[in-house]
Amino acid sequence: MSIDNETTQAWQSLHITSRALIEQVEAAFKKADLPSLSWYDALWEIEKAGEEGIRPNALIPQLLLPQYQTSRLLDRLVNADLIDRVVCDEDRRGCRAVITPKGKDMRARMWIIYEKCLDEFMQKKLGKDERATLAQLLNKLR
């Protein structure tokens, strides 16, 4: 097997660009005195789950965090009163994460900053067709 130069260049560009963009979003959140992007991602996934909430292990693939980091993140969100842990009716040993009104407010405040970042870092730099092509290409890699 031989990896060509285009493959390594594409991989490096993907990795470096992804990291740089995430660091810029994190810096924007920090400047606005808001929590990290992982908090936003968790709150968004939990909010999308609706009133029933979501099992913590269902968040793992969405957040791209290992189980122990997901658990710690959820603990921090509970301690900040942004989510509640509700015992599952179908499995008394399990729980579901449910977003609180305070959590919805925090996610909405974070979205204001995140939306500006997406506009500045992607929408203004890539045309609509380019963004669609990029999404298609990245989905192929997934």
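This is a predicted model: local features need pLDDT of at least 70, side-chain atom pairs count only at pLDDT 80 or more; totals for chains, interfaces and linings use all residues.
**Helix packing.** Helix α2 spans residues 37-48, and helix α4 spans residues 67-79. Their axes lie 11 Å apart. The packing angle is about 80 degrees. An angle of 65 to 115 degrees counts as roughly perpendicular, and α2 and α4 are therefore roughly perpendicular to each other. On the α2 side, the contact is made by Ser38, Trp39, Ala42, Leu43 and Ile46. From α4 come Leu73, Leu74, Arg76 and Leu77. By class, the residues of this contact are seven nonpolar, one polar and one charged.

**Thr70.** Helix α4 also holds Thr70. Is Thr70 buried or exposed? Its relative accessibility is 2%. Buried means under 20%, so Thr70 counts as buried. Leaving aside residues up to four places away in sequence, Thr70 touches Pro56, Leu59, Ile60, Leu63 and Leu65.

**Largest pocket.** The volume of the largest pocket is about 1,700 Å³. It is lined by 34 residues. Closest to its centre are Leu14, Ser18, Ile22, Leu64 and Leu138. The elements that give two or more residues to the lining are α1 (5-31), α2, α3 (56-63), α5 (101-123) and α6 (128-141). Which element gives the most to this lining? That is α1, with nine residues.

How values were computed:
Residues are numbered from 1 along each chain as its sequence is written. Side-chain values use heavy atoms; hydrogens and water are left out. Axes are lines fitted to C-alpha atoms, for helices over the stretch in contact, and angles run from 0 to 180 degrees between N-to-C directions. Helices (H or I, at least four residues) and strands (E, at least two) are DSSP runs, numbered from the N terminus. Angles under 35 degrees count as roughly parallel, over 145 as roughly antiparallel, 65 to 115 as roughly perpendicular and the rest as oblique. Contact means heavy atoms within 4.5 Å. Ala, Val, Leu, Ile, Met, Phe, Trp, Tyr, Cys and Pro count as nonpolar, Asp, Glu, Lys and Arg as charged, and the others, Gly among them, as polar. Buried means under 20% relative accessible area, exposed over 50%, partly exposed in between (1.4 Å probe, protein chains only). On a 1 Å grid over the protein atoms alone, a cavity is a set of points where a 1.4 Å probe fits but cannot get out, and a pocket is an open set with protein on both sides within 12 Å along at least five of seven lines; lining residues have an atom within 4 Å of a point. Grid points are joined across faces, edges and corners, and a volume is the space filled by probe spheres set on the points.
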